[in-house]
Each structure stands twice: as structure tokens, then as C-alpha cells.
Amino acid sequence: MTHTRPSGTNWSGNHRYRAAETLLPADLDELAAAITGADSLRVQATRHTFNDVGDTDAALLSLENLPVRIEVDGDRVRVEGLVTFAQLAPVLEAEGRALHNLGSLPHISVAGAAATGTHGSGTANGNLSSAVTALEIMDADGHRHLVHREHPWFPAAALGLGAFGVVTAVELRTVPTYTVTAEAYTGVAWDDIVADPRRLFASSRSVSVFTTWGDPAHDLVWIKTTDADVEPGYVTDLGGRPIGDDLHLGRIRTVGNTTERGTPGPWHTRLPHFRAEALPSDGDEIQSEYFVPLDAAAEALAAVRAVASTIDPVLLVTELRTVAADDLWLSPAYQRDVLAIHFTWRNDNAGVAAVLPTVEARLAPFDARPHWGKAFTMPGETIRATLPHAADFVAAAREADPRGVFRNAYLQRTLGL
């Protein structure tokens, strides 16, 4: 018999799930029974989303009680169950392998990150979904399908928002392990950041700029370098000074939980901003993020900075990152290198909802795409207009799930699914 628990809230508490309970199958047979007995179902992973993408009026389902398996085979790794990047990374490292990138939080699940297009930073680094080479998906009839790169559903399902079924396994491409050195700098002027954004963000493997849109003395450039980087000293050429132990991410309170800086270490201990064994980020927050073409970065940043006083009362910090282009239909980086403009807000739903339309209006001329798992108010038709294959995604999802078991109000609102 499948166990259940109350669905509760998302990670930060800003969203209470409409579904009263979450089903907790213990094996694939129980999972199939739970799916086939449901009229509507959505998967709840590590709950690190800030909207209703993973919600439903019916039941939720979690894989947290299923066995976890991680199998490394050459340059591929297969993960089954609710595997987080914090669990996966040490296993890869022990085999001399690595992922091309990691997000700022290692606490999130592999399948959930892929499903929503979560990312790290780097002009040469695609989002985490771009490492997916195959998915095993259980459909509404309890049957499992292998969706590989040659499968017609792949460019939709690899970043599928849960619309194709329950992902029971993910296969990822890996690379040889590598060493990273992280350092944070202050003193870089805003004008130097926007003068040549592509050069700044391409100077090291991963570059993040933290800002509250005001005095540059309060801004922070966090770079993560390898031996292969082209201009690791570029930030110091711009006047950047290492901050030492005095790390402040805007107005985020908890900064003693960040990863080590100043010394080289394995990729998975430096690429995330926050340590796997510590509280991720601030916790008491809401997040939003918008993606604009990297070639329009300076103009887009100027547009947002013009409304800095409007957003300031609810802003904790903005982080600027980059993501390389990919070929996944719903990816915010579909066929274009992008600048990701991320907002960490105070945990104030009404306050955030009041300022988001202002931000979105300022970014509209740049065909901004929102992060699927974060707070936004953009209407569906606006989002779909920026994605050439939105209609193809809907058609593939309907073919995969003709009964509509895995659809919800979010998918209807954003994609018309």
C-alpha cells in the first residue's frame, strides 16, 4: 500500500500546495498503481520551485521512497529515484568524472532541475537540461518509455515540465573531472560590467555578478576558474579586489553557508554557491528570473536599472549569469546565448507580485523568457511568442499523455496545454 503525507509548502514557504496529500510509492509497481488510479497527478521533487508548476488540485506524487541508484558507464551516468546533485557529484568524482556545470544549489534533484531548465553560469555552459542524453518516463498507463536523443519527443521531454509523465531515470553526459578555484571580488564599476558583458562573462568558466542595482562598491563578482580559462585575471584588470572573508550577497542574511573560495578544489565543491551540507541561500525568499539575448545584455540591464527604486523595497539581491544556447524547445536558452537576470526577493508574495509586471514590461522589448520554476506574471501568449516550438511541445505532450493526467493549471495558463 502506498504511503502518503501532507503536501505542505514549497521550500521557502511562499506557495502552499493545493493538493492535500503526496503519494509516496516504494517501488515501480506501487508507482504504476498510483499513476493508473489517478485522473490528475503532478510530481513533487525537492520542492525548490516558487510557483505552481508542480501543483494540482488532485494528488501529488514523490519518488523520495523509491530506491536510489547511480550507475556510471563511460561518459554517461544513469540516476534512478529522487537523486540530488549533492548525492550524484561525489559518485562521479570517485569515478574521475564530472558534470559540465552545476547550479548554485546542489540540494535540488537531477530530474527536477532538468524538467525546469535550471542552470549555473558560463558562456560556454548550457543549462543542466542540456546534459540529458535520455529519460525513462512512466506514462499514464504505467508503462515506461525510453526517450533518447533520436526520439521525436526528446527536444520537448528533456525539459518537459512534468508534462510527459513521471521521470523514473535520467541519463546524463559527463566529462573528465576538473579542478576549480573560486574567488569573489568587489570594486568593479557598473559601467565596466555593462561595457562588454560578453567578455566579462566569458573570462572564466563561471561568472556571477551580484548587485542591488546601486553603488558599485556594494556589488560582487564571483568567478570560478579552471586552467583552461581565457582571461581569469580580467576582473582584476577592471579594478576588482578580492573580498577575503567579508562576503555579502546583497541583503541575504546567511552567507556562512557558501562554498570555499581562494583555494582550488573539486568541481562540485566550488561551482555551487552554497554547500551541500548547509542551508541553501537565505531560505526565506522568493525567486524570479528572466533570460534575454546575451547580445542585448547592456540594453536590458539599463532598462531594469531604470526601475531600481521601484523594486528595491522587496529586493534581497540580483544575480547575473549566462547560459549557452541549446536545442531544447522550452529552454530559455533555445537557439540563443542568454543573460539570466535573477531576482531573490523578500518572502512577500503581494509585494513581489506588485513589482514583477514592471520588471517584465522593461524586459519585454528583448523577448525575455521566464524561468519556468520561479515567480512571474507574464501571460502565456507572451511566453509562447518567444518560443518557436511551443506548439510542437504541446502536440508532443498531448501525444505522450492523451488522458491529460499530468496536465495542470500552470501548463494550461502558460502553454495552453
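User: Is Lys374 buried or exposed?

Analyst: This is a predicted model, and every value here is computed from it. Lys374 sits in the loop between strand S20 (369-370) and helix H12 (380-385). The cut-off for buried is under 20% relative accessible area. Lys374 has 9% relative accessibility, so Lys374 counts as buried.

User: Which residues does Lys374 touch, not counting residues up to four places away in sequence?

Analyst: Lys374 belongs to the loop that links strand S20 and helix H12. Contact here takes heavy atoms within 4.5 Å. With residues up to four places away in sequence left out, the list is Phe50, Asn51, Gln287, Ser288, Glu289, Arg321 and His342.

User: Which residues lie nearest the centre of the largest pocket?

Analyst: The largest pocket holds about 260 Å³ of space. Its lining has 18 residues. Asn51, which Lys374 touches, is one of those nearest the centre.

User: Which element gives the largest share of the lining of the largest pocket?

Analyst: By class, this lining has 10 nonpolar, 6 polar and 2 charged residues. Helix H11 (349-363) and helix H14 (409-415) are the elements that give two or more residues. The largest share is 4 residues, and it comes from H11.

User: How many charged residues line the second largest cavity?

Analyst: The lining consists of Phe85, Leu99, His100, Asn101, Val110, Ala114, Leu128, Ala131 and Leu172. By class, 7 are nonpolar and 2 are polar. Charged residues in this lining: none.

User: Which residue is the bridge partner of Arg78 in S10?

Analyst: Strand S6 (residues 76-80) runs antiparallel to strand S5 (residues 69-73), with 5 bridges between them. S6 also joins strand S10 (residues 166-173), again antiparallel and through 5 bridges. In S10, the partner of Arg78 is Glu171.

User: Which residue takes a positive phi in the hairpin of S5 and S6?

Analyst: The two strands run antiparallel. Their hairpin has 2 residues between the strands. A positive phi near 65° is found there at Gly74.

User: Is Leu135 buried or exposed?

Analyst: Leu135 lies in strand S8 (residues 132-138). Leaving aside neighbours within four places in sequence, Leu135 is in contact with His145, Leu146, Val147, Ala157, Ala158, Val167, Ala169 and Val170. The relative accessible area of Leu135 is 4%, so Leu135 is buried.

User: What distance separates the C-alpha atoms of Leu135 and Val167?

Analyst: Val167 is among the residues in contact with Leu135. The two are 32 residues apart along the chain. Their C-alpha atoms are separated by 6.7 Å.

User: Which residues have the most contacts inside the largest nonpolar core?

Analyst: This core has 97 residues. Helix H13 (residues 390-400) gives the most to it, with 6 residues. Apart from it lies another core of 17 residues, including Ala38, Leu41, Leu61 and Ala140. In the largest core, the residues with the most contacts are Phe164 and Trp345.

How values were computed
Residues are numbered from 1 along each chain as its sequence is written. This is a predicted model: local features need pLDDT of at least 70, side-chain atom pairs count only at pLDDT 80 or more; totals for chains, interfaces and linings use all residues. Side-chain values use heavy atoms; hydrogens and water are left out. A nonpolar core is a set of buried Ala, Val, Leu, Ile, Met, Phe, Trp, Tyr and Cys residues joined through side-chain atoms within 4.5 Å. Buried means under 20% relative accessible area, exposed over 50%, partly exposed in between (1.4 Å probe, protein chains only). On a 1 Å grid over the protein atoms alone, a cavity is a set of points where a 1.4 Å probe fits but cannot get out, and a pocket is an open set with protein on both sides within 12 Å along at least five of seven lines; lining residues have an atom within 4 Å of a point. Ala, Val, Leu, Ile, Met, Phe, Trp, Tyr, Cys and Pro count as nonpolar, Asp, Glu, Lys and Arg as charged, and the others, Gly among them, as polar. Two strands pair if DSSP finds at least two bridges between them. Grid points are joined across faces, edges and corners, and a volume is the space filled by probe spheres set on the points.
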